[in-house]
Amino acid sequence: MENATPRRVEHQQTDRGYVPVYATGVVEQPWDSYSATDHEVWNTLYRRQRELLPGRACAEFLEGVERFGMGENGIPKFADLNELLAKTTGWQIVAVEGLLPDEVFFDHLANRRFPVSWWIRKPDQLDYLSEPDLFHDLFGHVPLLLNPVFADYMQAYGRGGMKAFGIGPEALMNLTRLYWYTVEFGLINTPEGLRIYGAGIVSSKGESIYCLDSAAPNRIGFGLERVMNTRYRIDTYQQTYFVIEGFEQLFDATRPDFTPIYQRLAAKAPHAAGDVLDSDRVFNVGTREGWATNADT
């Protein structure tokens, strides 16, 4: 059901710290209500990422940005992007007010709908925001939905999420880790070297540099159960980045029934975010410089 008046739903400060506030509604993108400041925030964020990402982001992402015609002309209209997206991979963008409950999010993905927060961060939040906004969702995620293999992976993930939600919280956590280390913070190995495809990286100036240039984090070859059993960081740059060999590897990883995987992982203790295992294919063992020592998620 659509809400008549879109709200801006963000984390709220409570006596337990910042907690997420969830919204379920699909709304119309209120494009006419964006201020000049909103458009300039988009332009600023776009400009600095477009200057930074060539040679860092994977070719498929950069091609998607170009095909959509994203640029410094203010916030794009979702309806315009949906025309190309629907023709190319059958996906569509739907505008939402903020974070979605898991089951609602999975249902959108399973039906080839990608939720994008309609609101954009404030000028004093250019470098950090605790929840995903329009720039993260749209610039970070949507360009790769023009890639047929990645688009199929996202739909398969949504279908798997609906199943995991029915199994229980441990299965859901295993699947959340897969999304975190691939869709949000994944790297890909190319003939030119490691490149970024994760939305949480390509939408962040600092992490776009850190993930490839810093000696601090581990860079480890992707393994499905390895990733699903590895904790992660939500408060700092990642301690480990997992590297895929191609988007086909991701899609192939979603083909099996995950039920026996969940059963196997339930009997194992999860790995810490910064662990390096003897069985890992290691691209880089991190120096651990600057790593936070408090608990992983």
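How many bridges join strand E8 to E10? Two, and the strands run antiparallel. This is a predicted model: local features need pLDDT of at least 70, side-chain atom pairs count only at pLDDT 80 or more, and totals for chains, interfaces and linings use all residues. Residues are numbered from 1 along each chain as its sequence is written, and side-chain values use heavy atoms, without hydrogens and water.

**View 1. E8 and E10 in an open sheet.** Five strands are ordered E7-E6-E9-E8-E10, with mixed pairing. Strands are DSSP runs (E, at least two residues) numbered from the N terminus; pairing takes at least two DSSP bridges. The edge strands, E7 (193–196) and E10 (282–284), each pair on one side only. Isoleucine 220 has valine 282 of E10 as its bridge partner.

**View 2. Helix H1 against H5.** H1 (residues 36–52) packs on H5 at about 40°, with axes 11 Å apart. Axes are lines fitted to C-alpha atoms over the stretch in contact, and angles run from 0 to 180 degrees between N-to-C directions. Helices are DSSP runs (H or I, at least four residues). H1 contributes Trp42, Leu45, Tyr46 and Gln49; H5 contributes Leu134, Phe135, Leu138 and Phe139. Contact means heavy atoms within 4.5 Å.

**View 3. The largest cavity.** Its volume is about 40 Å³. On a 1 Å grid over the protein atoms alone, a cavity is a set of points where a 1.4 Å probe fits but cannot get out; lining residues have an atom within 4 Å of a point. Volume is the space filled by probe spheres set on the points, which are joined across faces, edges and corners. The lining includes Phe114, His141, Phe150 and Tyr197.

How values were computed. On a 1 Å grid over the protein atoms alone, a cavity is a set of points where a 1.4 Å probe fits but cannot get out, and a pocket is an open set with protein on both sides within 12 Å along at least five of seven lines; lining residues have an atom within 4 Å of a point.
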